[in-house]
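Please read it alongside the sequence.

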Amino acid sequence: MTMAYAAAIDQGTTGTRFMIFDHTGQVVASAYQEHQQIYPKPGWVEHDPMEIWNVTDQVIRRALDESGIKPQQILGIGITNQRETTIIWDRVTGQPLCNAIVWQCTRTRDICQHLIQQGLEPFIRERTGLVIATYFSGPKIKWILDNVPGAREKAERGQALFGNIDTWLIWNLTGGVNGGAHVTDYSNASRTMLMNLRTLDWDDEILEALDVPREMLPVIRPSSDRDFYGYTRSDGPLAARIPVCGDLGDQQAALVGQTCFSPGEAKNTYGTGCFMLLNIGEDIVLSKSGLLTTVAYGFEPGRCTYALEGSIAITGAAVQWLRDNLGLIKNAAETEEIAQSVEDSGGIYFVPAFSGLFAPYWDMDARGAILGITRYVTKAHLVRATLEAICYQTREVLEAMHADAGVRLRSLKVDGGAVANNFLMQLQSDILGVEVVRPIVRETTALGAAYAAGLASGLWNSVEELRANWAIDRVFTPQWDEEKREAGYRGWRKAVQRAMHWVEK
């Protein structure tokens, strides 16, 4: 009997991974490649969309070649992606009008400030569940239309197309200039600041406020679509006609991969940033504590499950900064041993507000700071403080979730590349005061996208089958006493206050 699989393209902030999963949710093939990070000005972050597509092509081919799996064995392909990163391209030529503006980029600060000054934040928050921030796609679209010559004219006549990375990849996979599908899903659309959470459609009043033509926007479809978005083209990297039928923003995909299908279940993903999502069911709850309300997933047309999200901009990216900008480490794996070489962080706190502060503060004017430095402090203390920053930011989000949801989590499911660091995971448990649960399959973002595709294409028939696949690798339990935990958290919050409102208006 021929084995059948589901596959996922996991396009992240630093690189792209193609993974193939069997019916038990185990990885049977994988390939990964990084892409260039472009920093043209302070606070600006860009990617080359063509490079991302070329890297995607390469990792698909490599995973198939190395595994020996035939494309015809793949029943469906899912996409998961860095969210909010914005691309506008020419429908006729297939060429981007400019580099992608990455979710971390702060160039739209003035646009956001203008919208806030117009008094639009309560209105936009009520419609979209989001705050007005440089994070989201809507202001990025406006920036491109206002600043790239010819962009607005092309958009208004339907020649320029907008998409986040998921839309860009699906369009290229399914034909590109030769009839590629211009679609997104509920979860990605909910991150644009343009979709109404209640109607699950683009909001015309918000489009008017940002001066964004509806003609350039993709069709919004379910995250797992039995009607399929389209099929891979025969001259593409898969060289076969395979349904493309799953689409989830990376953090929502991780929620699905962790099988958090019941209200009250939560996960935290440790990647370039950290993103904690709490399933709140089918009723919309607007946060009063600095969180976002977002679509978790939608497996049927016109129907969604929602989540509260705590978005942290810089976590793994701070480790990358230690490596690439300061040269203090050679790779992220070194941080575990280096951090354990000292008893504590030597009294310092590192607030990595490189892109401002996201949840729960939403301060576009915050900037990074290292506080409490003395001559005693060494490289090891800074490395440890960087890991502590990841954990303290996560605690702030967890406290906000407690306030909004009215329940205290007893455990937190974790995933992403950094969860391989045992010291970090133990530190996280100590700082939170709850169990941290690490699953066997840690690349749950790709797994969630594969699940969405597999549900649509028939590899799996129900979410109960997916739950049966989930298994624990290790549980970390708190070791710190309450006094130590609270003293450390007080120091962290004091440090955050010093980093806030740094950029003068």
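Helices here are DSSP runs of H or I with at least four residues, numbered from the N terminus. By that numbering, α10 supplies four residues to the lining of the second largest pocket, the largest share. The model is predicted.

**Second largest pocket**
- The volume of the second largest pocket is about 530 Å³.
- Its lining comprises 24 residues, and those closest to the centre are Y39, W44, V45, F354 and S355.
- α2 and α10 each contribute at least two lining residues.
- Sorted by class, the lining has eight nonpolar, ten polar and six charged residues.

**Largest pocket**
- The largest pocket holds about 1000 Å³ of space.
- It is lined by 40 residues, with T14, Y270, G271, T272 and G417 closest to the centre.
- Elements that give two or more residues to this lining include β1 (5–11), β2 (15–21), α9 (250–257) and α12.
- α10 gives the most to the lining of the largest pocket, with five residues.
- The lining of the largest pocket has 14 nonpolar, 17 polar and nine charged residues.

**Nonpolar cores**
- The largest nonpolar core has 137 residues, and Y135, F136, L194, M216 and W362 have the most contacts inside it.
- Helix α12 (residues 379–405) gives the most to this core, with 13 residues.
- A second, separate core of 35 residues includes I20, V59, I74 and I170.
- Residues touched by W362 include V131, Y135, F136, L292 and L357.

**Helix α4**
- Nine of the eleven residues in α4 (residues 137–147) are buried, among them W143 and I144.
- The buried residues of α4 pack against elements including α2 (109–117), α5 (151–156) and β8 (160–164).

Terms used: Residues numbered from 1 in each chain as written. Predicted model: local features only at pLDDT ≥ 70, side-chain atom pairs only at ≥ 80, totals over all residues. Heavy atoms only, no water. Buried < 20%, exposed > 50% of the residue type's maximum accessible area, 1.4 Å probe, protein only. Contact = heavy atoms within 4.5 Å. Core = buried A, V, L, I, M, F, W, Y, C linked by side-chain atoms within 4.5 Å. 1 Å grid on protein atoms, 1.4 Å probe; cavity = no way out; pocket = protein on both sides within 12 Å on 5 of 7 lines; lining within 4 Å. Points joined across faces, edges and corners; volume = space filled by probe spheres on them. Nonpolar A, V, L, I, M, F, W, Y, C, P; charged D, E, K, R; others polar. Lists of a residue's contacts leave out its neighbours within four places in sequence.
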